[in-house]
Amino acid sequence: MTSFAPTRASLWSRYRLVAVALIAAVAFPFIVGLLSGQSPAAVLAGEAGNAKFLQGLAIEVFILALYALSYDLVLGVTGLLSFGHAMFFAVGAYASGIMLKSFGWPFWVTFIGVLVAAVVNALLFGLVLPRVKGIAFALVTLGLSSVFFIVVQSSELAKYTGADVGLQGAPVPEWIDTNVHRFRVYLITLAALTIAYLIYRAIVRAPTGAVLLANRENEERALSLGYNTFWFKLFALVVSSLTAGVAGFLWTVQQPIVTPQVAGLGWTVAALLMILIGGVGTLTGAIVGAAVFRLLEYYLERWFGGTAPVLVGASYIAIVLFLPYGIVGTWRARTVNRRQGLDRLRRLFGIRARRSQ
Amino acid sequence: MALLSLSEVNTFIDQYHILEGVDLAVGEGEIVALLGRNGAGKTTTLKTILGLTPAASGTIEFRGQSLTNRRPYEIAAGGIGYVPEHRAIFRDLTVEENLRIAEREKGDYAKRKDMILSLFPDLARLIELPGTKLSGGQQQMLAVGRALVPDNDLLLIDEPSEGLAPILIQQMMEAIKELSSDTTVLLVEQNFIVASRLASTYVIIEEGKSVHAGAMADLVDDDETIMRFLGAA
């Protein structure tokens, strides 16, 4: 019996945070419902109200978090500065819209099609990997994504992409229609984010992750240990593109319109902001950052209207100034100090206890 | 036959001609010291051997096979370990992860862990700490320890004593002496006393050229050469 205890304890300690967050996230719509006088049954049925509305906002946060997570793997963990990351998201969003609407492909075939497109996209970025490094890689990826940004807006492709208006009316099966089955879509996006997070965490903690971190810190040293860093960087790009592609797919599924904005530099900057707010390279920071990013934008807009963008900008500056490692990064850095303080305290009491005996 | 030999090696970094004809030979089991003033090209010589700054011309042979035009990870995998200067560990990884990442074959670390920790006992109690929490000397020990994890025939060690307290220099010298019992070492060392106690042969590099080489025992008494090329006696 007792021999199982350590395993169970370590399992619990490993997934404690994820489990608590998941339970809280699932309970959240019902708590909001109860607070605003809606019964759990009404929340489940997707009746209009506060709970439904906030679930809609949370779905956006989950998708943005998925996207931010994918950027954190490339920039935060592997140390590849890409200014074309929006393309990973936009390829997923546009490919799914075109496959569903113009090609009339079934939902699941479209999903697989998006994954294939995401891999191709990552290989395209991988093509330039061995040739350019650092800021040059950033500029080349910016160039690639700019081409995509221009192409989706071209009038020749208006039939497929909706040109500068955006892609509208992609047919989505009824079972995943966010207007009808809000709680279901909420759970699906939450599940997608959780699975992606757990996979990412496993990657970072595995030997592969150590090489990715080593590459970020000093590629020369990783090379001189005998690692062909190219394959590791390509691996990060492929995993990241798949994740961002799925985020784009989910975006198309639950948004009435996919605007070209999601392919622009602004969308890459959004990813950068989210991981800066949360903490670069921390993974959980990407999720926290996405929540802060979306909620700040929404509530400041609601409370202050036209002056909101200034306030949003000011809050970012404040966050970067006072939390230079981001919310999660700074928390972790202080955890070490807190632990040392606690240890000191314990030792202090340990000595006293011994004296009193 | 020498384990490693360089002949007429020229290396450019961007447009700068850094190595202008380096010849050197490292025999199996030897410790060879690469001497010379700051900026003479000692570090570049090591990086050129590893392919990190590829040679533009000349030949580099390791076990009779040419290393020129090979990628750094291929050269490293061929059995050449590298300890870069400035305590080159991975700060975001723990001590154990730093050692484990150097595995070339599964089980390398498990096989050599005890040997490395007996060479550098300090590392044993720091094993779970991240690299950032280590002192300079501990980082240097970790950097050397890391190069011992895989099965290397040759170690390139760059300035192991740099910035270390005298007592740590002593410990580092003993460690290098011990590891050299089954590995050949090419050592870059500014501290002539350290170099002269460890190495059996030397090569002096001056402005990118190898200008002098021989047995360390002869150099120790040759004050004129020491004065001329190393600026110290």
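Which strands of chain B does α1(B) lie across, and at about what angle to β1(B) does α1(B) run?

## Basis of the model

This is a predicted model, in which local features need pLDDT of at least 70 and side-chain atom pairs count only at pLDDT 80 or more, while totals for chains, interfaces and linings use all residues. Residues are numbered from 1 along each chain as its sequence is written, chains are lettered from A and ligands numbered from 1 in the order in which they are written, and side-chain values use heavy atoms, with hydrogens and water left out.

Helices (H or I, at least four residues) and strands (E, at least two) are DSSP runs, numbered from the N terminus. Strands of a sheet pair through backbone hydrogen bonds, either parallel or antiparallel; here two strands are said to pair if DSSP finds at least two bridges between them. In chain B, four strands form an open sheet in the order β2-β1-β4-β5, and the pairing is antiparallel. Because β2 (16–26) and β5 (65–66) of chain B each have a single partner strand, they stand at the edges, and one side of each is left without a neighbour in the sheet.

Strand β1 (residues 4–13) of chain B is joined to β2(B) by eight bridges in the antiparallel sense, and among the facing residues are Leu6(B) opposite Leu24(B), Asn10(B) with its bridge partner Glu20(B), and Ile13(B) opposite Tyr16(B). These two strands, β1(B) and β2(B), form a hairpin with two residues between them, and Asp14(B) in the turn has a positive phi of about 55 degrees. Strand β1(B) is also joined to β4(B), by six bridges and again antiparallel, with Phe62(B) in β4(B) as the bridge partner of Leu4(B). As for the opening question, helix α1(B) lies across β1, β2 and β4 (55–62) of chain B and runs at about 105 degrees to β1(B). Such angles run from 0 to 180 degrees between N-to-C directions, the axes being lines fitted to C-alpha atoms, for helices over the stretch in contact, and contact means heavy atoms within 4.5 Å.

## The six-stranded sheet of chain B

Another open sheet of chain B has six strands in the order β6-β7-β8-β3-β9-β10, with mixed pairing. Its edge strands are β6 (80–83) and β10 (209–215) of chain B, each of which pairs on one side only. Neighbouring strands of this sheet are turned by 15 degrees against each other on average, direction ignored.

Within this sheet, strand β3 (residues 31–35) and strand β8 (residues 184–188) of chain B run parallel and are joined by four bridges, and Ala33(B) stands opposite Leu187(B) in β8(B). Helix α6 (residues 136–147) of chain B lies across β6 and β7 (154–158) of chain B, running at about 175 degrees to β6(B).

## Where chain B meets chain A

At the interface, 22 residues of chain B are in contact with 17 residues of chain A. The area buried between the two chains is about 1700 Å², of which carbon and sulfur atoms give 61%; buried area is the accessible area (1.4 Å probe) that two parts lose on being put together, summed over both. Tyr73(B), Phe90(B) and Ile101(B) supply 35% of the area that chain B buries against chain A, more than any other three residues.

Between chain B and chain A the count is three salt bridges, a salt bridge being a side-chain nitrogen of Lys or Arg within 4 Å of a carboxyl oxygen of Asp or Glu. One of them joins Glu217(A) and Arg91(B) (3.8 Å, N to O), and Arg216(A) forms a salt bridge with Asp92(B), with the closest N and O atoms 2.5 Å apart. This second pair crosses from helix α9 (residues 207–217) of chain A to the loop between β6 and α3 (95–100) of chain B.
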